[in-house]
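Please look at the structure first, then read the points in order.

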2 protein chains.
Amino acid sequence: MKFEINRDELLDALNDVMKAISQKVAIPILTGIKIDIEEKGMTLTGSDSDITIRTFVPTEKDGEQNIKVVEKGSIVLQARVFNEIIRKLPTNNVMIETETGLQTHISSGKSEFKLIGSDPEDYPILPDVKDDNSFSMPSDLMKSIIRETVFAVSQQETRPILTGVHWEAKEGKLSCVATDSHRLARRLTSPDEMPLEPFSFVIPGKSLQELNKILPDNTESVEIIIADQQVLFKTRNVLFYSRLLEGNYPDTSRLIPDESKTSVTVNGRSLLQSIDRASLLAREERNNIVRFSAGEGKSIEISSNSPEVGKVEETIEAITITGEDLNISFSAKYMMDALRAIDGQDITIQFTGAMRPFILKSANDDTILQLILPVRTY
Amino acid sequence: MKFEINRDELLDALNDVMKAISQKVAIPILTGIKIDIEEKGMTLTGSDSDITIRTFVPTEKDGEQNIKVVEKGSIVLQARVFNEIIRKLPTNNVMIETETGLQTHISSGKSEFKLIGSDPEDYPILPDVKDDNSFSMPSDLMKSIIRETVFAVSQQETRPILTGVHWEAKEGKLSCVATDSHRLARRLTSPDEMPLEPFSFVIPGKSLQELNKILPDNTESVEIIIADQQVLFKTRNVLFYSRLLEGNYPDTSRLIPDESKTSVTVNGRSLLQSIDRASLLAREERNNIVRFSAGEGKSIEISSNSPEVGKVEETIEAITITGEDLNISFSAKYMMDALRAIDGQDITIQFTGAMRPFILKSANDDTILQLILPVRTY
């Protein structure tokens, strides 16, 4: 293997692949990055066995030659060291060559590195994912869906299935749900080319967080290809494979109340800032609970009390309040997460009493739903 | 106590004082900030008992009224919570009032906080530092002196005196020295108004690091006032007190060689980048050692070898090399710290053999000296 490459192109590709690299992997070769050189370009592969990321840099891009392939071949190099070396090379032109055995020569300007590589034959083979069960959506929509749901997955391994987000398609509609059993986030959407057959799978929250970092913030299409125990997200130059979680996701639809006794519409940003301030004192205690009261007039009162530190009370103006008077307590963190997911628009909160789950939606749009269980306080 | 204050002015003052606040203090009241309101303005005091920072906000500044004092008085409030509350208040106008007992009312817009304060009588009294032993220098010079020396203090408490920087004045000259016994940094300067009497004191490295964060990056004068066990740095609106270290600082002057067998002048930035790259592999081993060879011609060779990861070799062009051929090994970290302190200029390195300490200076200027002990390698 011998090739020259533009350092910035190599760094961009490395930057994506590094997101799959973990120092805590059971298979030692996965601390490395696999480099494959073919005539048409360079492929980098990184994996922690849950996530695998593969990037491709074509020999030519936009008429510019980025890679000069002298000899095809493959090698696996220690990811962290390789990445740091490339980052710090003195010139933008990098020559990489495998010599006798697995020793790999990296040179740039008057700087010469010799790294001990690993045998590419020992690197795990990527799962074979067939294209027959796939659909696509714009990258920025995918990023929104991830952002609006993934924060609500469970952080605990006691029910592993809840550490993932449930993607389910029926009749051309896609529903994405995450819950940690104290709160729930749901996003509905109708991508253009949904497969006719219904599907249902659960993607680990961690995979979606890494995917979100890699996806571009534009309308470029992302293809989603579903296999048995894997899902593949495919953009122009990046393949992102994630393991799927095994098991049945609980039926969450029956948790969502379909009636309400008190309905409050309020500016999301004002409410978020108010909860944030109230939680400053609540945070000092273990539970981080704030109290929310809606009653006569259009005022909402947010308060919190921490016996050793002090108390806070504030009033914010609602747009409308209808139905019964209400006093309810909930986790400030869950409320702030939900409000951030709905993101600053006017929001409607529908309560069915102080002890029942309540839901938050955008005032103008039903696609995002956030549900929170209140906390009993005496 | 009752006053109104412009939130941004309060935040600026808090930001400085917070640098003295530690959650790990033995005296509980020091987790608080003391607020003193007088007719002429507000004084904030924070302390971790090693460092004490006091800021003053005048009632009027540049013709603008920043504070409206309704009633004079003092209170101590939990620093972390108070700081976060002020940061998140909804308007730029803040009203603070102590009510019955120590309860303190903070309000802004429709947001109302009641914090449980502590008795200001319980707050430690600041040491009395008299002005008779003082000198001054511009703030930016002080920052340079700190940056060029403080990194070399010892991080170990085995010899506490070495965790500080030794400031010594003789005949109008100030010498600032730090050493951890493996390397040494020295900065000489001649401030305008040095006291006639010689002095010598050792300031904790940690104090200087915090002071550096507070000092402005301009030529505003900083007055340095020396007392028995304290030093006070005084700028227009900030008083920074630091405890001094007790004990005798070792005589370091005899460590500095006054002859050299090999002298190398080289661009500091090129050498720094080269050592940085070589240390990428050295870091994987415990010791982080790189090898430096200067011999025939004007080339320096930097190399490093890590049996399990690989090796690196590179050549950089020196400006001049005079004297004996040399092969020497040293800590990449110490070399990089020293080169960063001298900061990118052409530098001269003077060696007296592979087993003797060597010194680095700017090629044009003797005020900064860095000394490093080499490492024996076989």
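1. Start with the symmetry. Chain B superposes on chain A by a rotation of 180 degrees with 0.0 Å of shift along its axis, RMSD 0.0 Å (least squares on the C-alpha atoms of residues with pLDDT of at least 70 in both). The two copies are thus related as by a two-fold rotation axis.

2. A word on the basis. This is a predicted model: local features need pLDDT of at least 70, side-chain atom pairs count only at pLDDT 80 or more, and totals for chains, interfaces and linings use all residues. Residues are numbered from 1 along each chain as its sequence is written, chains are lettered from A in the order in which they are written, and side-chain values use heavy atoms, without hydrogens and water.

3. Now the contact (heavy atoms within 4.5 Å). Chain B gives 30 residues and chain A gives 30 residues. The copies meet through the same surface, because 100% of the interface residues of chain B are also interface residues in chain A.

4. Next, the charged pairs. Chain B and chain A share 4 salt bridges (a side-chain nitrogen of Lys or Arg within 4 Å of a carboxyl oxygen of Asp or Glu). B:Lys88 pairs in this way with A:Asp276, with 3.0 Å between the closest N and O atoms.

5. Which elements of chain B touch chain A with two or more residues? They are helix H2 (79–88), strand S11 (111–116), helix H5 (268–282) and strand S23 (310–317) (DSSP runs, helices H or I of at least four residues and strands E of at least two, numbered from the N terminus). S23(B) supplies the largest share, 7 residues.

6. Strands also pair across the chains (at least two DSSP bridges). Strand S23 of chain A runs antiparallel to S11(B), joined by 5 bridges. A:Glu314 has B:Ser111 as its bridge partner.
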